[in-house]
Amino acid sequence: MAKITKKKDKLPLTEIIRNTFFMIRYAVRLDKFFMICYFSVVCIGFVINTLFDTVILKGIIDRLYNNTPINDLIIYIIIGTLLATLAEILTECLEHVNHIRLIDFTGRVQQELLAKTAKIDLICYDHKEYFDDFVIATSQCEIMLQQAIGCVTYLIGNALAIITASAFISTINPVVAIFPVLGFIVNIITRFSITKLEYEFELAQKKIRRKSDYSRRVFYQPEYAKEIKLTNIFIPLHKQFEDAIKEEQAAARKYGIKIAILSLVNWIVVFTFLSYFCIPMYLGYLALVKLSISLGDVASLNNAANTIGNRLDGTNYALVYFQRVGLYADRFRKFIDYKVNIEEAKGTATVPATLQPLEINHLTYRYDGADHDSLHDVSLSIKPGEKIAIVGENGAGKTTFVKLLMHLYNPTTGEIRYGNYNINEFNTLEYRDKIGAVFQDYQIYAATLAENVLMRECRKEDEAIVLKALESADFSNKLKKLDHGIHTELTREFNEDGSLLSGGEAQKVAIARLFAKTTHLSLAILDEPSSALDPIAEYTLNTNIMELCKHSSIIFISHRLSTTRDADRIYMFEHGQIIEQGTHAELMALDGQYAKMFEKQAKNYKLKSM
């Protein structure tokens, strides 16, 4: 089993740096040309703007002060203006191209994430911390990638601008640079603290808002409306929502006051005192009292100091985003780096083409973090073509057993053998292709009826298969009422004319998925396949399953024991173990748990025990 490591609450700086550059490498792999262009244009623009604000401005003012010939002045102004215009054109073009390329870029990111999501092992969904990281990674990845690109590019661009301005200042009066540097130091200390608090506050908000979002969502969705109107469930839900709001307010007070104080200190010291007061005062002293610099020097030095201050401030913000990206990217990196164990298993053996016996030997499974086994030392065998029933109360381990059979999980101990091979030796997809399953918690997708049956794109040659499967699932009467037949859109998610199915109709579509695979099935698994059907539809379904899957092994999982009477063998599960096994007649004669459960239900089904 692939190990899912517990995330650390705090990350060292080295880890933050590694995470951020992981995002940069990921972005470069997706679009190297755009990354090079973006980096080059931003850096060139920063340097040109700095030169215009310092060297070129000084040259213009000095030429005016020294009565330089007008032609020389005009040429100098034109050169400076052209440089500034070039920088502006490059920046504007970049912004326009950036907007267009980002659509493609983010689309490719989501495509990769969807592909990764489709492949991750089912165990990841059962692991709360990994699932939280998974949700945050997929929801924040586009923003974090953009911020990673931006912060690294702006760090380098700001550094080049600062070097350019500092080189200019050092030729006139290096002391001027002290003020923006002091501002940078104060800014970076306060900004990092603010970012850390904002990150903690945002994480706290996300956890709290899950509760309030759930309460709000329940009141909006139609499937809950009837019960809400007929019961008082809205009272605890409303209280839950109020509690979540209070928790969020408490978190806002806890973090908001600290953030406000640090922001105030940052603004007063960095901007009000060091930038807006100290620099103009010092330059005025040099020009008016000491007479050591010219008017052009005052203007250009003031701009150079402001450039350094602004670029240092921009560096602070870039470092803040760098820190923020590094923290979030830790989750994204774990998601991307997760080594898929089951879903991408290639296997070393070929799945037998002919029907083989299925042997379950001392199978045990415990969910991560659980106190006890969900399945414990389960052994049984299923002969080719045998019809098996798995019965038991909720929580008995039936569904976990089926998930292991389908190789959605790896067992904690024990093994499952198909023919002469452990199923771990097969290519996972090839092994599952031999299995058809209908689960109680099936889903209907916003796609055509045919696509919902095939669970893939429907080709022209597939239409006969779909029609036959729907007929076998007793869906023919409903199909006649659909305007576009098997090409009718289901749900109204994207199509106002889409068809909404009743619970029984939807279950028949799910069952049709099994019938669409009967030509090559080795094993059919039906987990409460008729829970939404009336007795007549249930009887029709069972008859069709037995007929169409007669060459396959069948496993029925059911609470409704009327479906178990004709099984070749019945296994009674309790607390993850098999407590009884045999035919229906044998188990009734045993007068154990199965017999008691059957007799209790027989009154409802009006069946006679055999």
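## Nonpolar cores

The largest nonpolar core has 72 residues, and those touching the most other members are Met23, Leu358, Ile360, Phe401 and Ile555. Helix α5 (residues 128-170) gives nine residues to this core, the most of any element. The model is a predicted one.

Ile360 is in contact with Val378, Ser379, Leu380, Phe401, Leu405, Glu415 and Ile416, leaving aside residues up to four places away in sequence. A second core, separate and made of 30 residues, includes Leu449, Leu470, Phe475 and Leu479. In soluble globular proteins, nonpolar side chains tend to be buried together.

## Helix α10

Helix α10 spans residues 398-405. Six of the eight residues in α10 are buried, which leaves the helix mostly covered. The buried residues are Lys398, Thr400, Phe401, Val402, Leu404 and Leu405. Two of these, Phe401 and Leu405, are among the contacts of Ile360. Just after α10, His407 has a positive phi of about 60°.

## Aromatic pairs

Across the whole structure, twelve aromatic pairs are found. One of them joins Phe21 and Phe322 edge-to-face, with 5.9 Å centre to centre and 65° between the planes. This pair links distant parts of the chain, since Phe21 lies in helix α1 (residues 13-30) and Phe322 in helix α9 (residues 295-337), 301 residues apart. Phe21 is partly exposed at a relative accessible area of 35%, whereas Phe322 has a relative accessibility of 10% and therefore counts as buried, the cut-off being under 20%.

Phe401 and Phe573 have ring centres 5.6 Å apart and planes at 55°, so this pair is tilted. Elsewhere, ring pairs connect Tyr418, Tyr421, Phe426 and Tyr431 in a cluster.

## A nonpolar surface patch

An α-helix has 3.6 residues a turn, so residues three or four places apart point the same way.

Methods:
Residues numbered from 1 in each chain as written. Predicted model: local features only at pLDDT ≥ 70, side-chain atom pairs only at ≥ 80, totals over all residues. Heavy atoms only, no water. Phe/Tyr/Trp six-rings, centres within 6.5 Å; stacked < 30°, edge-to-face > 60°. Helix = DSSP H or I, 4+ residues; strand = E, 2+ residues; numbered from the N terminus. Buried < 20%, exposed > 50% of the residue type's maximum accessible area, 1.4 Å probe, protein only. Core = buried A, V, L, I, M, F, W, Y, C linked by side-chain atoms within 4.5 Å. Contact = heavy atoms within 4.5 Å.
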